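The exercises below are meant to be worked through with the sequence and the structure side by side. Each task is followed by a solution that goes step by step.

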Amino acid sequence: MADTPERPLVLVDRISKHFGEGETRVDALREVSLAVYPGQVVALLGPSGSGKTTLLNVIGCILDPSSGSMELDGEKVLEDGHWLRPNHRQLRLDKIGFIFQFHNLIPFLDATDNVALVLQLAGADAMAARTRALELLDYLEVGHRRNAMPAKLSGGEAQRVAIARALANKPRIILADEPTAALDSKRAGIVMDLLRKVAVEQNAAIIAVTHDEKIFDRFDRIFSLRDGRLELEGAGAN
Amino acid sequence: MNLAYRDIRHGLGRFLLTCAGLGLLLGVVLAMIGIYRGLVVDALTIARAPAVDLWVVEANTRGPFAEASRIPGDIREAVARIADVTAAGSITYQTVETEHGGDKLRLYVIGYELTRPGGPPQIAEGRQIARNHYEMVADKSSGLTLGDRIRLGRHVFTVVGLTRDQVNSGGDPAVYITLPDAQKLQFDLAPPAARVQLARGTGGSSRDTVNAVVARLHANASPDAVAETVHRWKHLSAITQEAQELILTRSLVDRARRQIGLFTSLLLVVSAVIIALIVYTMTMEKLKQIATLKLIGAPDRTIIGMIVQQALALGFIGFTIGATLIFNIKDYFPRRVVLEPDNVMVLGLIVFAVCLLSSGLGVRAALRVDPATALGG
Ligand SMILES: Nc1ncnc2c1ncn2[C@@H]1O[C@H](COP(=O)(O)OP(=O)(O)O)[C@@H](O)[C@H]1O
Ligand SMILES: [Mg+2]
């Protein structure tokens, strides 16, 4: 990814976030700025409590930042700490794929329907949604668990179903909070290869929090958060 | 993909158990409504049975049900002669305790003149009384059957016909016998001193005493006007059918009616609170999933739809269980349970409204939930 296109998919501009006030005040993010371009896979490192999850949640429009501005896929969504849309569900549905630290599958839907649901919410009819959901599950090598309820899935299987769900609507921005924490290193490698493939094929931006040094070589850039401050560690092997 | 249905199916056993519990509660509410209606209907049954327009009773009484009334039997002829009166009949009412099959049996004995108003309204089985003595038409609720022989006073009566649902306001089954038999029975069962007086024909009483004379009027006659005419005879009161029914519901069973009415209202309130709690809890338990739904981009209408549909399903299934239950067991109650379709429908609508309202509470909570709450472990 030598030549980066002009327009970043994610543009974070001096975002700060603090929790609480006075003595209990925690500055989780301090003037963080970041730009991620289409096709890039970016890693977010940092010790526990350094603000990685907070940053992902702000980018995913789940958490209100205290100040700063943000653009997603060319749309200004945050201006001086104020959201410009009343809610971000349509935006998340169309543009953002989330892979959470905990899989967050809907417990009363089986693996296929967990994936098909987001396709249907985006307007696909039931048949098409199901077909695509099954394709995705196969792609993530959990096709054999298509009819299993989330409670019956192992951690790794559940995480792969969750990844299938995150990828279902071909989002251009994929946010992953320790996506490989629940996987062995072989599967972690497969998942990272997959995300990389998605980044290339869908021209998407991927931001992934990770501790896993074994997969550092699969990132284009590595950022490191310390005490709410972001610094560029360097470019990955690619 | 219907999320409400999927969630219910996922926890089907628990959902059905909740529905069954609610069903039992709503069954009790329906039973109470039925008991309430039954009480009012029972109270009016005996007064409606002769299908008359006017009750002539002892002066200054509100007889013969709310107060004791004794008038001479020959009043009937005088009443029959009044213009506008098409038919009149003497009636006696007395409660008699007897035995049948080794069990004590309380009967509400009605004596009437065979060819005049006052007899059983409808024979369900068997026939009307045909002979002047010792035949009886009994209500089925007494447990008596055709051909049964039963002792009243000094004589044994044969059951020749059966009625349905004829009980007095206390729930005692009615039996009909002829007026002469009833007067003899009254005499036989009177305390000895009174009996001596009656036998002598002294003390202003005679053996030809009845409790009321009932009269039917011409279709276009005014019951109030005829009542006024009777009243002018001084020693008699006349009560229109309308007034008689009012006396029965307002004074005779008024306390019982209000008691049950109040209890029914309380039960309704309790049911409403319980439905609201169940629906609210059902939603609260799903808050994390609702947050996840928001997180993956589900619009509010998907979330509202899920909550409202589940609340309505709960109400509908619960109500159906309750109604089915009560319709199947209502005839086993010792007293009448009257369930009119309109009562059932009103309760159904109340349940529907309560479910809708309480799902509103759930919806409020669900719409407020921050999608970020889905992220906690
Ligand atoms: N909802 C919250 N309320 C208060 N403090 C919070 C909240 N979420 C995170 N924090 C604090 O913000 C800091 C950053 O947290 P987080 O972004 O979860 O770190 P990481 O994901 O890097 O482990 C921590 O000190 C944490 O305690
Ligand atoms: Mg974290």
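**Exercise 1. Determine how H3(A) and H4(A) pack, and which residues make the contact.**

Step 1. In this predicted model, the axes of H3(A) and H4(A) are 8 Å apart and the two helices pack at an angle of about 125°.

Step 2. An angle over 145 degrees would count as roughly antiparallel and one from 65 to 115 as roughly perpendicular; H3(A) and H4(A) are therefore oblique to each other.

Step 3. The crossing in which H3(A) passes H4(A) is right-handed.

Step 4. On the H3(A) side the contact includes A:Ala111, A:Thr112, A:Asp113 and A:Leu119, and on the H4(A) side it includes A:Ala126, A:Arg130, A:Ala133 and A:Leu137.

**Exercise 2. Describe how H5(A) is placed against H3(A) and against H4(A).**

Step 1. Take H3(A), residues 111–121, with H5(A), residues 155–167: their axes come within 8 Å and cross at roughly 20°. Because angles under 35 degrees count as roughly parallel, H3(A) is roughly parallel to H5(A), and the crossing is right-handed.

Step 2. The residues that meet here are A:Ala111, A:Asn114, A:Val115 and A:Val118 from H3(A), and A:Val161, A:Ala164 and A:Arg165 from H5(A). Five of the residues in the contact of H3(A) with H5(A) are nonpolar, one is polar and one is charged.

Step 3. Now take H4(A), residues 126–139, whose axis is 9 Å from that of H5(A), the pair packing at an angle of about 130°. That angle makes H4(A) oblique to H5(A), and H4(A) also passes H5(A) in a right-handed crossing.

Step 4. A:Arg132, A:Leu136 and A:Leu137 of H4(A) meet A:Val161, A:Ala164 and A:Leu167 of H5(A). The contact of H4(A) with H5(A) has five nonpolar residues, no polar ones and one charged.

**Exercise 3. Characterise the interface between chain A and chain B.**

Step 1. Begin with the contacts, in which 20 residues of chain A touch 27 residues of chain B.

Step 2. Turn to the area: about 2100 Å² is buried between chain B and chain A, with 66% of it on carbon and sulfur atoms. Of the area that chain B buries against chain A, B:Met1, B:Ile296 and B:Leu375 supply 31%, more than any other three residues.

Step 3. Look for charge pairing, since side chains of opposite charge can pair when their charged atoms come close. Two salt bridges are counted between chain B and chain A, and A:Asp113 and B:Arg6 meet in a salt bridge with an N to O distance of 2.4 Å.

**Exercise 4. Which parts of chain B does the salt bridge of B:Asp42 with B:Arg335 link?**

Step 1. The closest N and O atoms of B:Asp42 and B:Arg335 are 3.2 Å apart, within the 4 Å limit for a salt bridge.

Step 2. B:Asp42 lies in helix H2 (residues 12–48) of chain B, whereas B:Arg335 lies in the loop between helices H10 and H11 of that chain, so that the pair links distant parts of the chain, 293 residues apart.

**Exercise 5. Where in chain B are B:Ala51 and B:Asp84, residues with a positive phi?**

Step 1. Most residues other than glycine have a negative phi.

Step 2. B:Ala51, with a positive phi of about 55°, is in the loop between H2 and strand S1 of chain B.

Step 3. B:Asp84, with a phi near 80°, is in the loop between helix H3 (75–81) and strand S3 (85–100) of chain B.

How values were computed: Residues are numbered from 1 along each chain as its sequence is written. Chains are lettered from A and ligands numbered from 1 in the order in which they are written. This is a predicted model: local features need pLDDT of at least 70, side-chain atom pairs count only at pLDDT 80 or more; totals for chains, interfaces and linings use all residues. Side-chain values use heavy atoms; hydrogens and water are left out. Axes are lines fitted to C-alpha atoms, for helices over the stretch in contact, and angles run from 0 to 180 degrees between N-to-C directions. Helices (H or I, at least four residues) and strands (E, at least two) are DSSP runs, numbered from the N terminus. A crossing is left-handed if the near helix is turned anticlockwise from the far one by less than a right angle, and right-handed if clockwise. Contact means heavy atoms within 4.5 Å. Ala, Val, Leu, Ile, Met, Phe, Trp, Tyr, Cys and Pro count as nonpolar, Asp, Glu, Lys and Arg as charged, and the others, Gly among them, as polar. Buried area is the accessible area (1.4 Å probe) that two parts lose on being put together, summed over both. A salt bridge is a side-chain nitrogen of Lys or Arg within 4 Å of a carboxyl oxygen of Asp or Glu.
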